[in-house]
Amino acid sequence: MVKIGIMQKRMTPVIRLRAVSFLIALLMVAGCASAPAPSDPEAVAEFLQVNDPMEPTNRAVFSVNRTLDSAILKPTATVYRDFAPEFLRTRISNVLNNLRGPVIFANDLLQGEFARGVVTFLRFMINSTIGLAGINDMATALEIEGHDEDFGQTLAVWGFEEGPFLMLPLFGPSNPRDTVGLVVDFLIDPLNLWASNTEREFVPWARTGVAAVDLRSNNLEVLDDLEKSSLDFYAAIRSLYRQRRQDAISNGQGSATFPAPSIGQIQDNPVLEETDELSRR
Amino acid sequence: MLKRRDFIAAFSGAVLLALGVTAPASATDLEGGSEAFVKSLAEKAINSLASKDAERAERIQRFREMFTENFAVNSIGKFVLGRYWKKTSDDERKEYLSLFEDLMVVSYVDRFAQYAGESLKVTKTRGENKNTATVFSEIERPGGAKAIRVNWRVGTNGTIYKILDVVVEGTSMSNTLRSDFGSIIRKNGGKVAGLIVELRIKTTALKSE
């Protein structure tokens, strides 16, 4: 028994990695979008820009995720949001945020963001002690504002490309870079390491579950609105995920650099009568 | 050789001078004007549109007026179609733009009702080119929740300002719509007619809510 216990201890992260990579390999071979004919360069450019060669598989996974969401996660998050007092929900959020401290700190340093690393370190020390294990976000009250980082962002800072779009089972929108990031963050997390070393496997599971409910409960309206107003919910999610990641990687400094509409006829059209464009072509 | 170099130096000096003299003045106008425009729009929107008491039909009507007056609806609609705009007939363009306006109005009208009690703080403004600026703002929420970063891309002809794009927490409305609509068009074999059919269904469903 003891022997098996030790085996489990050592093997768990490796097995998890293998499971994830097997899953990815399986998804890769399962279904591919057909590339447009090379005679249509605009279509080819668009195909490359959409960068979702596994779209049919991704859509299938997305639909399974949505079924699970509407059956389990969304109802749970709705009940949680509507019945748990805000006081409690805020503190649960605080604890979850504080637990991410060490991973954020490691990624701050790996990205060479030492000033931000100091902020993360200070926040973690303050909130873990006088904040009572992270229950109270004393650091923010002291105007030491937090931020998020993860290993996917670190890889991006190091120059790795995101790769094709990937819809992960349960975890949702991603890409190979962020999937690696997810695994690495999991493996270097001190709480998960401790849980794994002391055979408390339920700890990361419970934490992930609570984090999922917390995240979902904060995005109930946003996702409902998006689903309601978009024609292709999947395409909207794919676009939003990429934009959010881009924003996170640049620490919020990169927006307003993407293509945007322009007012073409403005010079010769002082009243901005835009319907003019129809006749002008 | 020397002469030529002198000429180049003098020429570039003159260009720099010209830019230096004119650019800051117009850039300041552009930035100041864009900022004032966004501020006054936010004030109007929060005061008049965020009231929950009005009937939905009336709120839709008010929102439509505000939207068409302050957003470059057709320019955005054209951008959203991307490369497919060229392949669209005049009749299709007309119907598409009218449905696009409908979709924006009916899907955002209820969202605005939730913005009561929030206030917009402009953090900075940056000129993008001679008739476009980005106004960076934070929308502060009641109850101490984290402020939302919203960037407004504003286009102008010098007197009239219109919003070209809204970027919320790094996500651009126009670019998201472009991906969404583009996917529908591709699904319909590259035909905008297919998008128009789906837009009709969507806007009818949203209006009758």
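How many of the ten residues of helix α5 (residues 101–110) of chain A are buried? Hold that thought while we set the ground rules. You are looking at a predicted model, where local features need pLDDT of at least 70, side-chain atom pairs count only at pLDDT 80 or more, and totals for chains, interfaces and linings use all residues. Residues are numbered from 1 along each chain as its sequence is written, with chains lettered from A and ligands numbered from 1 in the order in which they are written.

**Stop 1: α5 of chain A**

Select residues 101–110 of chain A. Seven of the ten are buried, so this helix is largely enclosed by the rest of the structure. (Buried means that 20 or more other C-beta atoms lie within 10 Å of the residue's own; with 12 or fewer it is exposed, and in between it is partly exposed; the C-beta atoms are placed from the backbone.) The buried ones to colour are A:Gly101, A:Val103, A:Ile104, A:Phe105, A:Ala106, A:Asn107 and A:Asp108. Now show what covers them: the cover includes α4, α6 (114–129), α8 (151–157) and α9 (176–188) of chain A. Following α5(A) is A:Gly112, with a positive phi near 75°.

Zoom out to chain A for a moment. It has 14 helices and two strands, which are DSSP runs numbered from the N terminus (H or I over at least four residues for helices, E over at least two for strands). Of its 281 residues, 26% count as buried.

**Stop 2: α11 of chain A and its partners**

Next, select α4 (residues 86–99) and α11 (residues 202–217) of chain A. Their axes come within 10 Å and cross at roughly 125°. Axes here are lines fitted to C-alpha atoms, for helices over the stretch in contact, and angles run from 0 to 180 degrees between N-to-C directions. That makes α4(A) and α11(A) oblique to each other. (Under 35 degrees counts as roughly parallel, over 145 as roughly antiparallel, 65 to 115 as roughly perpendicular, and the rest as oblique.) For the contact, show A:Ile92, A:Ser93, A:Leu96 and A:Leu99 on α4(A), against A:Arg207, A:Val210, A:Ala211 and A:Asp214 on α11(A). Contact means C-beta atoms, placed from the backbone, within 7 Å.

From α3(A), pick A:Leu73, A:Lys74, A:Thr76, A:Ala77, A:Tyr80 and A:Arg81; they meet A:Ala212, A:Val213, A:Arg216 and A:Ser217 of α11(A).

**Stop 3: where chain A touches chain B**

Show both chains. 35 residues of chain A are in contact with 41 residues of chain B. On the chain A side, α2 (41–50), α12 (220–229), α13 (233–249) and α14 (276–280) each give two or more residues. The most come from α13(A), with nine.

**Stop 4: a helix pair in chain B**

Finally, select α5 (residues 173–187) and α6 (residues 192–207) of chain B. Their axes come within 7 Å and cross at roughly 115°. On α5(B), look for B:Phe181, B:Ile184 and B:Ile185, which meet B:Val192, B:Gly194, B:Leu195 and B:Glu198 in α6(B).

Technical notes. Contact = placed C-beta atoms within 7 Å.
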